[in-house]
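Have a look at the model shown here.

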Number of protein chains: 2
Amino acid sequence: MIAIDWGSSSLRAFRLDGQGQIIDSRRSDQGALACAGRFEEVLRDTLQSWDERVVAMAGMVGSRQGWQEVNYLDCPAGLDEIAARMIRVHAPGLGDREVWIVPGLSVRHDHGVHDVMRGEETQICGLIDRLGPGTHRACLAGTHCKHVLIENGRIQEFATAMTGEMFQVLSEHSILGRLMQPGPHDAAAFLKGVDHAALDGDLLEHVFAVRTHGLFNVLPATALRSFLSGLLIGHELRRLPARPEPVHLIAAPSLAEPYTAALTRRGHRVQAHGEDVSARGLYALARRRGLPAA
Amino acid sequence: MIAIDWGSSSLRAFRLDGQGQIIDSRRSDQGALACAGRFEEVLRDTLQSWDERVVAMAGMVGSRQGWQEVNYLDCPAGLDEIAARMIRVHAPGLGDREVWIVPGLSVRHDHGVHDVMRGEETQICGLIDRLGPGTHRACLAGTHCKHVLIENGRIQEFATAMTGEMFQVLSEHSILGRLMQPGPHDAAAFLKGVDHAALDGDLLEHVFAVRTHGLFNVLPATALRSFLSGLLIGHELRRLPARPEPVHLIAAPSLAEPYTAALTRRGHRVQAHGEDVSARGLYALARRRGLPAA
């Protein structure tokens with residue numbers, strides 16, 4: 001079968017063998033936000049020369065702005081519930097292929113506050129498939145990071161932290177960015193930021209230290225980006241209870257290192273997983289759904 | 001004398017009588033960031049037909065990017081210390097006028113974290129002049145809000161919260177802004193944000209509620225800006241201890257109302273002051289400095 005993680009800004013396709021092992025993969029910047037009106041065409045081009053019939057997709061492709069909206073499924077939810085809510089997309093231009101989309105998940109916190117994910121649920125399904133039963137905590141790093149509690153094969157609850165996007169808007173559009181100069185990742189400045197985030201005080205106050213550390217030469221201008229990154233990731237991690245069990249980190253290679261450093265600094269054990277858990281999750285879901293050849 | 005509050009993005013000039021009362025005022029958008037190389041000329045034009053000799057200025061005009069840099073003065077500091085560190089600017093194009101700039105203040109928190117203000121110290125001097133001795137807490141609303149502890153006529157310590165700038169970058173440059181639709185200030189949505197900020201959790205998580213409140217129609221798209229505003233101001237106010245004494249609020253008219261609403265919601269008594277405390281502060285400082293005709 002073919003597994004596709006089709007997010008807002010990129011598309012990753014995996015060709016899987018009969019046991020769900022990745023035998024080939026493709027990547028493009030044809031994200032769901034850029035594909036309005038031509039999803040079928042982009043998918044057809046992406047799959048050229050791969051002749052597997054079943055295509056299972058996850059991510060923003062199933063959002064209101066995507067190919068076809070698939071309603072959020074409420075937590076707690078496990079692989080069976082998620083597989084049962086997959087929908088088949090009408091895709092005549094793809095011949096006899098069967099194209100499916102996985103639903104996103106929602107959760108309702110206290111005080112009537114909702115949270116949502118789309119795409120990450122499939123990565124977590126891959127993680128569940130790998131880890132088996134028990135209680136697990138996962139951290140999915142990215143533009144909008146997800147912290148997830150898994151209990152006995154079901155996604156119990158989760159919360160989103162806008163860490164990546166906050167980093168982007170503050171470094172590109174705020175006064176903090178004006179003092180920054182380009183430079184390589186500065187591990188010491190990054191950890192200084194992680195430690196700073198553990199101090200009393202709100203993020204609104206802490207971020208001003210990026211400016212004053214620059215003004216008072218506490219850090220060189222080339223280290224301020226790393227400091228801000230550590231400060232934000234450190235704030236995100238404030239929510240994590242100290243526990244002996246590992247945190248399962250799912251992150252792109254560029255984020256795996258800083259997140260591992262920050263989690264370790266806070267006393268967490270880290271078990272890192274590649275983003276290909278997404279393919280594993282799609283394979284496991286397709287099997288639960290009983291899709292042919294999966 | 002003439003009192004000038006010359007910030008990054010605007011200039012406000014006050015003509016004062018011999019008792020420090022405002023008898024006239026002018027305002028322009030010739031902020032210090034836009035005036036590089038022509039401060040003297042802008043000031044000359046601003047003062048046309050006002051013939052007072054002494055001109056006392058505060059704000060970013062005294063920063064590195066301003067007319068002339070005046071070093072930060074360390075806290076604690078009162079009117080005497082601040083007045084003693086005012087410097088006179090060389091301004092031959094202004095004839096026999098005496099042009100002075102007030103220093104900004106700095107403070108060093110624990111863990112080697114600095115904080116700074118420039119312009120606000122003069123507003124606080126006006127407040128001190130008005131309130132007299134004792135312990136007072138002040139909140140200066142704006143792009144970078146300042147929370148200040150005043151003890152017996154001296155600025156003891158302060159902290160900056162980037163509330164206003166955070167509101168701007170999130171509503172203009174993040175995914176949160178995409179769901180927002182223009183609308184009048186929504187007082188109920190604003191207070192919902194203030195209450196949300198009092199819940200457990202970091203700002204990085206709380207801001208995602210702007211998105212989900214929109215997605216799940218908890219709030220109409222026209223109310224999301226007010227919700228975000230309340231959420232951010234509510235986070236800023238987390239630091240304020242509950243006390244019977246009033247919080248002295250210094251805010252532009254557009255911010256006085258929401259800040260008063262948020263402070264009241266949190267159980268604080270509010271005493272509001274207009275931004276003209278700046279002119280009062282400059283007058284008090286000029287007197288301490290012994291400037292002629294002040």
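The questions below concern a predicted model, taking the chains together and then chain A by itself.

Visitor: By what turn can chain B be laid on chain A?
Guide: The model is predicted, and the two chains superpose with an RMSD of 0.0 Å. The shift along the axis is 0.0 Å. That is the relation of a two-fold axis, and the turn is 180°.

Visitor: Why can it be said that the copies meet through the same surface?
Guide: In chain B, 47 residues are in contact with 47 residues of chain A. The copies meet through the same surface because the interface residues of chain B are also interface residues in chain A, and the share for which this holds is 100%.

Visitor: How much area do chain B and chain A bury between them?
Guide: Of the buried area, 71% is on carbon and sulfur atoms. In chain B, the residues that lose the most area to chain A are B:Met162, B:Leu204 and B:Phe208, together 19% of what that side buries. The area buried between the two chains is about 3,800 Å².

Visitor: How many salt bridges does the rule find across the interface of chain B and chain A?
Guide: One salt bridge joins the side chains of B:Arg238 and A:Asp202, at 3.8 Å from N to O. The limit for such a pair is 4 Å, so this distance qualifies. Across the interface, the number of salt bridges found is four.

Visitor: Which strand stands at each edge of the open sheet in chain A?
Guide: The sheet has six strands in the order S6-S13-S12-S11-S14-S15, with mixed pairing. An edge strand pairs on one side only. The edge strands of chain A are S6 (77-78) and S15 (270-273).

Visitor: Which residue in S12 of chain A stands opposite A:Cys139?
Guide: Strand S11 (residues 135-140) and strand S12 (residues 145-151) of chain A pair in the antiparallel sense. The pairing runs over six bridges. Opposite A:Cys139 stands A:His147.

Visitor: How many residues apart in sequence are the parts tied together by A:Asp195 and A:Arg265?
Guide: These two residues form a salt bridge, with their closest N and O atoms 2.6 Å apart. A:Asp195 lies in helix H6 (residues 187-197) of chain A and A:Arg265 in helix H10 (residues 253-265) of chain A, so the pair ties together parts whose separation in sequence is 70 residues.

Terms used. Residues numbered from 1 in each chain as written. Chains lettered and ligands numbered in written order. Predicted model: local features only at pLDDT ≥ 70, side-chain atom pairs only at ≥ 80, totals over all residues. Heavy atoms only, no water. Least-squares fit on C-alpha atoms with pLDDT ≥ 70 in both. Contact = heavy atoms within 4.5 Å. Buried area = accessible area lost by both parts, 1.4 Å probe. Pairing = 2+ DSSP bridges. Helix = DSSP H or I, 4+ residues; strand = E, 2+ residues; numbered from the N terminus.
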